[in-house]
Amino acid sequence: MQAETARQAASGLVRVKSRPRLAGLMRELRKNKHYYILIAPYMLIFFTFTVVPVVVSMGLSFFYFNMLEFPRFVGWQNYTRLFLDDDVFLIALKNTFIFALITGPVSYLACFIFAWIINELPPKIRAVMTLVFYAPSISGNVFFIWLIVFSGDSYGYLNGFLMRYGFILEPIQWLTDEKYILSIVIIVQLWLSLGTSFLAFIAGFQTIDRTLIEAGAVDGIKNRWQELWYITLPSMRPQLMFGAVMQITASFAVAEISIALAGFPSVNYAAHTVVTHLMDYGTIRFEMGYASAIATVLFLIMIGTNLMTQKLLRKVGQ
Amino acid sequence: MTWTYRLRLAFRVRRKLNRSFTVTFLLFAFLGLFGCFSAIPLIYAVNNAFKPLDELFIFPPRIFVRNPTLDNFYDLFALMGNSWVPLSRYIVNTLLITIIGTAGHILLASAAAYPLAKYRFPGSRALFTIVVLSLMFSGHVTAIPNYMVMSWLGWINTHLSIIVPSLAFSLGLFLMKQFMEQIPDALLEAAKIDGASEYRIFWSIVMPNVKPAWLTLMILQFPTLWGSDGGNFIYSENLKTLHYALGQISQGGIARAGVGAAVALILMIVPITMFVISQSNVIQTMASSGMKD
């Protein structure tokens, strides 16, 4: 601490002696002119469509705004309405957390475990298995296949199968029965959740230093589980952190699958999530201020969970 | 002779460090089981596209097709030939969005990643931190202000509303920057001594060296744009995408089951093929995807 203040004081002194602070910054900017030019196009678009909107959204959440009239300041009213008066939002919040708590960790573990086993395979089979697990996440809306599986009449495959072997007598309305909707959306979401982080893990396993493992064997590591815990996990920490971000963000953003399978709105809001609630107010009711409040809550949940998980993962293997 | 030993002989497996054969066998069985869970819906979707009508509705359903036929595809083209806007229009729209969006993203993200990966200048660290933070929330958060920005710019109902935001996809910049960090500084120094400008270095030295990362950005960006249905931004029929048009067709329900299956195949086969081609490059890029403390 002391050293730091001393250094600051010293650098301050030097700066005072040579030239004013602003001129130094200008010189620095001019020296790096080319770098700023290179990053400018990307950053311009990135700020216009990502950074500024987050700030605008936070600001707008304190207004009543319907795109026609001039925004009217309402203070915390949108938030009090959200948490105290909007029962559907509370259902959405509960569903979102159920989704996230299940699909987040399960998909993360699945990405890791499958990548770990795939890594033991010979290269050709490894490429095939990678494709098998990764394909659902890039195959667009092929999840409509699941609509046939869970179809509510006796022609739905699951119903047909269960009735054939006598587990049930009447077909079950899988996608319109509140009891089942949430679980079905979770299953389908898990099916297509082996995405970018799965690839990152596959790549991470391939970059592990073989000599570390051999050295570990000399030091008494006897089986694959010990190898995984003491060598593999710690050397993959950067990928683990990256994967966590991808999976957490995706697990809180469940919406498209829910809409495709359960409809919008779903029966009795059984598969309603924060994102579908946001769509409801933002694109149907045009209550932009209120929708911004929902977006802000979603933003805080996502960022908060991510930063917390990053902190936790930093401890892996320490 | 135990059964595991016999199996090992049968598959000619040599004993590896820290590996017991029994556990390996069990883990592979586990992987195979979930592999089936993952693959069967896709295999089924592919087979459906070639099934004649009677096989599509057969009960109990069969995964594999018995008498493959291309009828579904003929029906699809017949149907599209009669539609108000010709099919080729939708294809052109999708190709336009996908190609410009993907190529532009790779170019802009690489240009921004190069200084961030290789140099320190005022603001560079803060900018990268913001990019990493933006990975931590989804696009839904910014949807409402985005709509307002679009209408303010007058981009509603133009392809720009889909293309431009996708150019600054943050995952692309992140991966590109991590990958570029591996380029040896000596290479850049040598070019500088030879008198190359920063732009020259970027274009003739950095870009050719990060080809695997281009493919990765492509494989991440392409399916999103390819699958884009125009969202809330595009409402003119002649600007809509292939995905939207095909989605409308398969909305037809039971009567369109065969055509719907053909549609699904067309939509899924393109991104999957691209991944198959670029897989090894993608994995190579992902190796540097890690987040440092």
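## Close-up views of a predicted two-chain model

**View 1. Where chain B meets chain A.** In this predicted model, 76 residues of chain B are in contact with 85 residues of chain A. On the side of chain B that touches chain A, the most is given by helix α2 (residues 21–49) of chain B, with 13 residues. Sorted by class, that side of chain B holds 56 nonpolar residues, 16 polar ones and four charged ones.

**View 2. Helices α4 and α14 of chain B pack against each other.** Here we look at helix α4 (residues 71–81) of chain B and helix α14 (residues 257–286) of chain B, whose axes lie 8 Å apart. How are the two helices angled? They pack at about 95 degrees, and α4(B) and α14(B) are therefore roughly perpendicular to each other. The contact of α4(B) with α14(B) comprises seven nonpolar, two polar and two charged residues.

**View 3. The two domains of chain A.** Chain A is divided into domain 1, covering 21–60, and domain 2, covering 76–313. Taken over C-alpha atoms, the centres of domain 1 of chain A and domain 2 of chain A are separated by 34 Å. Four residues from domain 1 of chain A and six residues from domain 2 of chain A take part in the contact. What classes of residue does domain 1 of chain A have on the side that touches domain 2 of chain A? There are three nonpolar residues and one polar residue on that side, with no charged ones.

Note on methods: Residues numbered from 1 in each chain as written. Chains lettered and ligands numbered in written order. Predicted model: local features only at pLDDT ≥ 70, side-chain atom pairs only at ≥ 80, totals over all residues. Contact = placed C-beta atoms within 7 Å. Helix = DSSP H or I, 4+ residues; strand = E, 2+ residues; numbered from the N terminus. Nonpolar A, V, L, I, M, F, W, Y, C, P; charged D, E, K, R; others polar. Axes fitted to C-alpha atoms, helices over the stretch in contact; angles between N-to-C directions. Parallel < 35°, antiparallel > 145°, perpendicular 65-115°, else oblique. Domains from an automatic or database assignment.
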